[in-house]
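Good morning, everyone, and thank you for coming. Please take a moment to look at the sequence and the structure before I start, and keep them open while I talk.

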Amino acid sequence: MKSVMKKHFRALSWRIDWADLELGNPRILDKIQRRADSFAETAADTAIIFGTHFRWDFLPYWPVLHILLSEISQALKEREIMLFDHHSATLVHRFHSPAEIRGGMSSKIHHLPWAPSPEAAADWKFNGEYLDSWRVIDARTGGPAYVPQYYAQEFCINHPGYRAAYAKYLKQLLAETGIDGLMCDDMIYFGGFYHCACEYCRKKLSFKLPETSDASFWGNWGDARWLEYLAMRRDSIGDFLETVKSALPERFPLMSCNTTGAYGGNSNHCGQSIHEFVRGDNLINLELCGENLVHPEDLQVALNYQAGASKKYGLPVIAVGYGAFSDSAGHLWAMDHLAGVSTWFSAIVGRSFPEEIQKHLPGETAIAKAFRFEKAHPELFDEPLEYDCAVYFSETTKYGSYFGSCEEGSTKDYRDLIGKLSSAGIRAETVFDFPADAAQSPCVVMPSTALLSHEEQAAMDKYLASGGVILRYGPDDLTGFPVCPDKDFESLEWLRKQTFDFYDPADEWRELERGLWYNPARNPKDLLTILRSNMRSDLPKVEASGFAVSVRKHSIHLLALEYDLKLNEELEAKWKQSSHARLIREAKPKNCASVISCSVPVKKVYCPLGGNARLEAGKANLEGNPMYIIMEI
């Protein structure tokens, strides 16, 4: 099988419905051909399966499913479109009651939430082993763990029998379907800190795992054993993805679902680390959950973090986001390209909407205008981004301290800083290592970097010696800070609510040594003033209030920061089910400049998502409230 690795992707979800499994029905073959045509007309170059998600629940029907995937793959190949399979490698639905069955069939209908009865599941075997023998164990009960948000149980990625079985399935999947890539989903510990306590996870520890009643261990970041336990969970994900990689052809495109690492609580709770994912993955994924126009500033932080990982590891990023109409789809695409990453658009038409609503929604073709423009102008997107300064993200603080593990701790200061710099028109990149070349990155901001390893300290000293400037602020010594929750650890209230308001030092900048400035305040004054005097001065200056800006060698991209949103109220009223998805039919930029000036000559201006711009006297005069503007320089 020939594997293809690309730098950029224009990806759409290919949703499988129940009726699609009716093999031999000529209407299904016709539907595949028509959908493949629509993907080609939309200028997509990649399709990613959505549905039959909890793949092990379809074990008795793999032959049927694989034939369907083969037919989809062949139709797409004829149109030069890649097909990725996308499935959960670890989760299985296990319903305990009629109410749970109804709940799963409603809220998870886009998964096609099929599941065996408990009695049947107990007898299911693959590769000579019972599937139930692979399950994650809950340290509290000693029995199989349950993941209530998905009505699911999970297979342990450290179980050698499961690893061998999944590798065997992947070889069968590729041989029988002809897929071109894999999205291997659910590589994290969904149930949280008490998962997993099976014999294979325990063997990876240098100590005996304490009983869950032992508060001196569980949730205590002051205990070296606890830090080892958390590291073991992250390392297990990397180990497993190396196994997945070895089961695939060389350079076969592989990614795994990854939400942003910019939140300490979420990352620690489920064991997620992009730095472990890349041990197997050669594509970096980012899931942008919810309607991207509701809180775009949060998603821009997530994209900045993931773009930093992309640069560190030299791997492309594909960001999946959801929407209903063209404004949402276009905004997702623009937000992705502002950060220099590829778009996977997944229309929410298939997420639990009844048929009377689905027929009014455009589906994946809502992205057509954006994808067609991108295909016609690859030169505007191919170049790497250039930045005014760098922001250091401290993974050591995030994983190694209670302060870093709380959502109101160190990672909040990082998120707030990225948003502040974007609003101020400062182009900042996230870095996980100190730059090797101070000339290309003359200033690094370090928000609340409370812990540094010996290697990080040495790298920081080397950067300073090369002429770099560091603006470090927030606590750099956690003496006196709590190391664990002061209430019930199991409630996990600290994830969202633990604050560090007691920390209130003087807001004062001091130069500790040549190039190293420090302010102990978590939200220091004068940061932007000091930063502007130390960041790169050779990049174009852009005056465009209300827009986020990114710069490439030959183009400048601008995206509106604020919007007036209009919902499709009629369809919303018909939709009785609650969900994080919203039916936004129109997004009108607000509080944006009507004239954009640039310090370098502008050759041409594009408004790919609507609106217009006229070049006059070196300035771009905007008309019709364009959401996204690209200036060719």
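Predicted model: local features only at pLDDT ≥ 70, side-chain atom pairs only at ≥ 80, totals over all residues.

Let me begin at the surface, where Trp18, Tyr61 and Trp114 form a nonpolar patch whose accessible area comes to about 310 Å² together. A patch here is built from residues that have over 30% relative accessible area and no salt bridge, with like charges joined within 9 Å and nonpolar side chains (Val, Leu, Ile, Met, Phe, Trp, Tyr) joined within 5 Å. The areas come from the Shrake-Rupley method with a 1.4 Å probe, and for residues only the protein chains shown count as cover.

Residues are numbered from 1 along each chain as its sequence is written, and side-chain values use heavy atoms, with hydrogens and water left out.

Is Trp114 buried or exposed, or partly exposed? With a relative accessible area of 38%, Trp114 is partly exposed, since buried means under 20%, exposed means over 50%, and partly exposed is what lies in between (1.4 Å probe, protein chains only).

Now to the inside. Rolling a probe the size of a water molecule over the atoms shows where empty space is left. On a 1 Å grid over the protein atoms alone, a cavity is a set of points where a 1.4 Å probe fits but cannot get out, and its lining residues have an atom within 4 Å of a point. Grid points are joined across faces, edges and corners, and a volume is the space filled by probe spheres set on the points. By this rule there are four cavities of 30 Å³ or more, and the largest cavity has a volume of about 50 Å³.

Which residues line the largest cavity? They are Tyr392, Phe393, Ser394, Ser410, Thr411, Tyr414, Pro447, Ser448 and Thr449, and helix 16 (residues 410-423) gives the most to this lining, with three residues. The lining divides into four nonpolar, five polar and no charged residues, where Ala, Val, Leu, Ile, Met, Phe, Trp, Tyr, Cys and Pro count as nonpolar, Asp, Glu, Lys and Arg as charged, and the others, Gly among them, as polar.

Ala390 belongs to strand 13 (residues 389-392) and counts as buried, at 0% relative accessibility. Met255, in strand 9 (residues 254-255), is also buried, with a relative accessible area of 0%.

Let me turn to charge. Side chains of opposite charge can pair when their charged atoms come close. A salt bridge is counted when a side-chain nitrogen of Lys or Arg lies within 4 Å of a carboxyl oxygen of Asp or Glu, and by this rule the model has 32 salt bridges. In one of them, the side chains of Arg140 and Asp138 meet at 2.8 Å, N to O; Arg140 is partly exposed at 36%, whereas Asp138 is buried at 7%. In another, Arg279 pairs with Glu276, with the closest N and O atoms 2.6 Å apart, and here Arg279 is partly exposed at 24% while Glu276 counts as buried at 18%. Arg279 and Glu276 also belong to a network of salt bridges that links them with Lys204, Asp235, Asp239 and Glu242.

Finally, a few words on the backbone. Most residues other than glycine have a negative phi, and most peptide bonds are trans. In this model, however, the peptide bond from His195 to Cys196 is cis, with omega near 15 degrees, and Cys196 is placed in the loop between strand 8 (181-185) and helix 6 (199-203). Ala617 has a positive phi, near 55 degrees; this residue lies in the loop between strand 26 (612-616) and strand 27 (619-623), and Ala617 is exposed, with a relative accessible area of 84%. Asn625, which is not a glycine either, has a positive phi of about 50 degrees, and Asn625 is partly exposed, with a relative accessible area of 41%.

Methods
1 Å grid on protein atoms, 1.4 Å probe; cavity = no way out; pocket = protein on both sides within 12 Å on 5 of 7 lines; lining within 4 Å. Helix = DSSP H or I, 4+ residues; strand = E, 2+ residues; numbered from the N terminus.
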